[in-house]
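Here's a quick tour for anyone meeting this structure for the first time. Take a look at the chain below, then read on.

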Amino acid sequence: MKQTLWTRDYILLTVATIFGSVGWIAGDFALSFLVFDETGSTFASALILAVQFIPRFFVPLFAAPILDRFHRKPFLVGGDLINGVMYTLAGFYLISHPFSYSGYLVFSLVLACLGCFDSLAYNSIYPNVIPKGMEQKGYAVSAMLYPFLTVLMTPLAAVLMDWIKVEGILIMQGGLSLVAALVESRMKVQEEDHLEGKKFSFALWKEDLIEGVRYIQKEQGLLQIILYTSVSNGVAQGCAPLLVAFFRATKGFTVGMYAFFSVAEFLGRMFGGILNYRVKIPEKKLFGFCFGVYNFYAIMDMILLWTSYPFMLVNRAICGFLGVNSGTWREAAVQKYIPDRMRARVNAFQEILFFGMSSVLTLLVGVLGDVIDYRVCMSVGAGATICVCLLTIWRKRKEVKDVYEHNAV
């Protein structure tokens, strides 16, 4: 019998992801406008985002040892269930009550905490629903879903705002989250708890956390991959405002022209994802491919703002294509390499480092962008990622190669 990616559990989790993502994209779009419309303050909107970021520093540390000891499915289902109830109640509240900024701050904080739990549970259970040997295809589908749904739902959310208002969108989002929870509850994924006859306690939680740190320290290949991707993602986050400023302030460029960057990158990502789904890269070639992509991507970033606009669009399409491929290869290799009983803790460490590095580098690049030319600033950032790639991925290439190619024959 021919092996297929599309098993019952994989289909159910993918369908649940679609329902949850559609609701989240529409709801986030509506709420971002609601806050500004009600307060008239960009600072008030920024504060909401800042509050949502806070849990990313401590919730993963708290949640990861728990998720590595117990079944992840109840946390996944429970997270969507609670989200659905909260968004539905919020929608009905807004129908008959005025908007409360302080209330929304608390609402956002609670949802952000739940989101951290849900994200860790999802990332930890996802490899378990992918049939062995189908990891590249599985993560190719995952990589394509969110960009596609974002492009589809963002304009639709704008139409829905005029039609059913913010409160209607929130009720819709709540309903979609409840449907996602129902779909996830039908999964039959086989999981084992790792209590090993022990009673879960604070002492065991602390022991597990220390074990996770030691595991990452010992696994130098994983550590170097996490360090490099944290820096490269942080630089990318920091350079995003530079692109907006460049198109806003440079003669001959417009904000409308910048908008087409997203279209070009989306097309590149979709084509890359389809190719990744159709063509399997042999594991023994993954390290070489990824190392080459990391550096070529950075070079494309270095030259981006120094070229004419048509070449900029081609540049972004190529980067979208390369980015989805290297991201899929890396995620499939890393998640397959990590033992199931350690997966939530490693993912938590990675998430905290990603967020911390993005916060620091966004500020750093923003400061540089105020004192030097935007093009120079972006080139410096891209050049820095090449240096970091050499100091991490290349310097520890034997260990990194073991992660990418540990099952190669």
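## Contacts along the chain

Among the chain's contacts with a separation of 6 or more, 89% link residues 24 or more positions apart. Keep in mind that this is a predicted model.

## Overall build

On the secondary-structure side, you get 14 helices and zero strands. The chain is as compact as a globular protein of its length, because its radius of gyration of 22 Å is close to the 22 Å that the globule rule gives for 409 residues.

If you boxed up the C-alpha atoms along the principal axes, you'd need roughly 65 × 60 × 45 Å.

How much of the chain is buried? Buried residues make up 50% of the 409 residues.

## Two residues to look up

Start with A333, which sits in helix α11 (residues 309–337). A333 counts as buried because its relative accessibility is 6%, under the 20% cut-off. Setting aside neighbours within four places in sequence, A333 is in contact with V403, Y404 and H406. A333 and H406 are 73 residues apart along the chain, yet their C-alpha atoms are separated by 8.5 Å.

Then find K165 in helix α6 (residues 135–185). Its phi is near 65°, a positive value in a residue other than glycine. With 46% relative accessibility, K165 counts as partly exposed.

How values were computed
Residues are numbered from 1 along each chain as its sequence is written. This is a predicted model: local features need pLDDT of at least 70, side-chain atom pairs count only at pLDDT 80 or more; totals for chains, interfaces and linings use all residues. Side-chain values use heavy atoms; hydrogens and water are left out. Helices (H or I, at least four residues) and strands (E, at least two) are DSSP runs, numbered from the N terminus. Buried means under 20% relative accessible area, exposed over 50%, partly exposed in between (1.4 Å probe, protein chains only). Contact means heavy atoms within 4.5 Å. The radius of gyration is taken over C-alpha atoms; the globule rule is 2.2 Å times the number of residues to the power 0.38.
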